[in-house]
Amino acid sequence: MADQPADKKSAHKKFGARHKARRRAVDLLFEAEARDIDPADLVSERLELAGSDDQVAPVNPYSRTLVEGVADDLDRVDGTIESYLQDWTLERLPAVDRAILRVAVWELFHANDVPPVVAVDEAVELAKELSTDDSPGFVNGVLGQVVQVASQVRAAAAATGADQG
């Protein structure tokens, strides 16, 4: 067994549609930030393009949910991330790490069908695929702290009806 190749591409195949949707959401958030445009506007633009051009990949509904969700709740998501950064600011993080953390924090706060451990594991996987060698541990450390408050945030949102749209 020790002579099996540690091929990243073969490991990548085990990921399903939700993983691909998260990765696309990270890509879209990254692109929106690089272009300095609203992420929700970028998704709308991409949906329109995909409808009229076969060369443009369609946007998975879950990718759209994630990007629009992050855009709608950006201040709280960023404030949460920033509150757990030690000796760092959100602006100093690599842009891809910012996007990964934003998706994961939004899922922890709003995606009731995603267990917290899944949101964290997915973010760590994305950091392994897309970012630096230090990023998976960093992302895991930040999200490990966010998980502690996520259930309270969800309960407060449910109690006040804050998730009505």
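Predicted model: local features only at pLDDT ≥ 70, side-chain atom pairs only at ≥ 80, totals over all residues.
Modeller: Residues are numbered from 1 along each chain as its sequence is written, and side-chain values use heavy atoms, with hydrogens and water left out.

Colleague: What pLDDT does the chain average?

Modeller: The average is 89, and 89% of the residues score at least 70; pLDDT is the predictor's confidence in each residue, from 0 to 100. Over residues 1–13, the pLDDT is below 50, and this stretch has four contacts beyond near neighbours in sequence. Contact means heavy atoms within 4.5 Å.

Colleague: How many helices and strands does the chain have?

Modeller: There are eight helices and zero strands, where helices (H or I, at least four residues) and strands (E, at least two) are DSSP runs, numbered from the N terminus. Along the sequence the pattern reads α-α-α-α-α-α-α-α.

Colleague: Why is the charged end of Arg 18 said to sit over the ring of Tyr 62?

Modeller: A charge sits over a ring if NZ of Lys or CZ of Arg is within 6 Å of the ring centre and within 35 degrees of the ring normal. The charged end of Arg 18 is 3.8 Å from the centre of the Tyr 62 ring, and is therefore within the 6 Å limit.

Colleague: Where does the charged end of Arg 92 sit?

Modeller: That charged end sits over the ring of Trp 88, 4.1 Å from its centre.
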